[in-house]
Amino acid sequence: MIPSVNPSGSDTRGLLYYLYDTGTYEDHTDPHLVASFDGMSPDPGRHPNATLTDLQQLLDQPVDALDKRPAKHVWHTSVRADPGDRILSDEEWADIARRIVAAAGIDPGGGQPGCRWAAVRHADDHIHIVATLVTEDGHRPDDYRSGTRAQAEARLIEKEFGLHQVAPGDGTAAQRPTSAERHKAERQGRERTAREELRESVRRAVTGASCDEEFFDRLAAAGLLIRTREAPSGDLLGYKVALPDDLNKDGEPVFYPGARLAPDLSLPRIRERWSGEAQDGARSRQEEVIRTGPGTPAAARRGTASAAWQAWLVVEHGDDADVAAHIAATGEVLDALAKTSAAYTRRELRDAATAFERASRSHVRAVRGHDHALRQAARDLVHGGPALGRGEDGATTAMAIDMLFFLITAAAHWHARKGHAQQAEAAARAADHLRTAYQNAAAQPLGALYQRGRRLSRPVLQRQTVLLREALPGLAEQILAEPGWYALAATIAEAEAAGHDPAALLSDAVERRELDTADSVSDVLVWRVRRTADLPADVSNLPEAPAYGAQANPRRTTAKPSAPGRRRGTEEASSKAR
């Protein structure tokens, strides 16, 4: 249940007109009062002789009685149930409304003078509460931090009414769209509000950017309108952005400052991301890309997997400030990977990036600079360009997603330990999307490796079985029982043919991560070994190593890739690890 307190307004009747209007908004059906300050207020929705003016004048009486009318005297909040909640009765919504206004300080009860208010229901899943900010004895109510107090009361209501329990927030979430913004988006035929579209566009523009110039160039390339704010000295202080077709009543673009899109999208906070990188050094790297050309998408994805592994170590063992910086930079990597990946993984990666946005901020202030490897990975992904759906690009996408899954799961654990409930939940949702994206990306390359493993000669398989038992005595029997063993056997054969010590590679891969609870240890080891040994991620069009030979009656089936980190008997992303 989400109370959403809007900025104070000045037009009581105008707000009431919106709440009772059924001709403009399709979701406004049967608007009527469910509760009010005196329980007897006129209801224009149910009483044929009651008018909006009657209700407005009743609510405004304490305001009109003052010698000087306040400029902003209208308090308004919506209270919305979760989509999965049952439909509440009018009586239940009335109880909720009374509790919200009491908690917010609008009508505290207990003999204290309160404000006049009314609660209007015009849909099954939410109500609106309108109040005027003058108490019956002519004073301003104690409504300081009314939104935070209403949220705290909503957490209690959820438990008592048996509703979906929302994780408590900490004030670092991005501002939610207002009701007016949502209805405007509906009128314009947009799936999202202008604020949400701008937030995503700015977030993608800053991904991997290394200086002001590159950031603003990307905003312009995305088609956004930009206004900047400068000091008398000419130094850049801030910026605003707008969608060209999002106009106000005067036909002018509606601009949003970066800080109103998200707390970490103000210009000073954005600059912290490249604080460890001198502006002239950043320009030099841009010039180098122009001169030599960007790397390949596959190389960028391999680099992403390596950077994610190093970040995992920091999240597991680093100082809080460094951890916060690496978690924030992980969001950039997800944005870059979603932007440059093929269609069959793009949607899940985009949903993962959107979910993880909430996990990228907390009250632990990030100390930037040490997260350079992740930011460089994001930059390389962007400059490497779009990846092809299959082949080496697709296989290295699976490799990168595999490692990012564990990094994000580690971030969920860290947030949970710190009591960051919303961030932990957001990271777990992002991990769910990554799991699906991994399965889509890994099916073809693991299938090709599986077929190669089935074609290994019997003596080679027997020798590798002995090697596996010697190198990983605690995991060998589990691996040998998995369908993915053949993909791992093919990988070991390639590594050995390339001159590597397969036993050392396996031992190193296991030391990097606890694997006992992984659903498919072999899948994990395939990507670890192939990355460490610098083997091609995709083998479908490569000649087979000499170790391959005929094997009697090989099965022509392929192994379905296991979701990374899925534990037996649980689907909770926040408790998965390898």
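A reminder before we start. This is a predicted model. Keep that in mind throughout.

Salt bridges, then. Side chains of opposite charge can pair when their charged atoms come close. How many salt bridges does the count come to? The count is 38.

Pair one is Asp 142 with Arg 149. Their side chains meet in a salt bridge, with N to O at 4.0 Å. The cut-off is within 4 Å. Is Asp 142 buried or exposed? Asp 142 has 54% relative accessibility, so it counts as exposed, because the exposed class is over 50%. Arg 149 comes out at 26%, so it counts as partly exposed.

Pair two is Arg 192 with Glu 200. Here the N to O distance is 2.6 Å, again a salt bridge between side chains. Look at the two partners. Arg 192 is partly exposed, at 28% relative accessible area. Glu 200 is buried, at 8%. Buried means under 20%.

Arg 218 forms a salt bridge with Glu 214, and the closest N and O atoms are 2.8 Å apart. Where do these residues lie? Both are in helix H7, residues 212-221. They are four residues apart there, so about one helical turn separates Arg 218 from Glu 214. Arg 218 counts as buried, at 14% relative accessibility. Glu 214 is buried too, with a relative accessible area of 5%.

Next, the helix contact. Take helix H16, residues 421-454, and helix H21, residues 521-532. Their axes come within 12 Å. The crossing angle is roughly 75°. H16 and H21 are therefore roughly perpendicular to each other, because angles of 65 to 115 degrees fall in that class.

Which residues make the contact? From H16, we have Tyr 438, Ala 442, Pro 445, Leu 446 and Leu 449. From H21, we have Asp 523, Val 526, Trp 527 and Arg 530. What kinds of residues are these? In the contact of H16 with H21, seven are nonpolar, two are charged and none is polar.

To recap. The salt-bridge count is 38. Arg 218 and Glu 214 pair within H7, about one helical turn apart. H16 and H21 are roughly perpendicular. That's the tour.

Notes. Residues are numbered from 1 along each chain as its sequence is written. This is a predicted model: local features need pLDDT of at least 70, side-chain atom pairs count only at pLDDT 80 or more; totals for chains, interfaces and linings use all residues. Side-chain values use heavy atoms; hydrogens and water are left out. Buried means under 20% relative accessible area, exposed over 50%, partly exposed in between (1.4 Å probe, protein chains only). Helices (H or I, at least four residues) and strands (E, at least two) are DSSP runs, numbered from the N terminus. Axes are lines fitted to C-alpha atoms, for helices over the stretch in contact, and angles run from 0 to 180 degrees between N-to-C directions. Angles under 35 degrees count as roughly parallel, over 145 as roughly antiparallel, 65 to 115 as roughly perpendicular and the rest as oblique. Contact means heavy atoms within 4.5 Å. Ala, Val, Leu, Ile, Met, Phe, Trp, Tyr, Cys and Pro count as nonpolar, Asp, Glu, Lys and Arg as charged, and the others, Gly among them, as polar.
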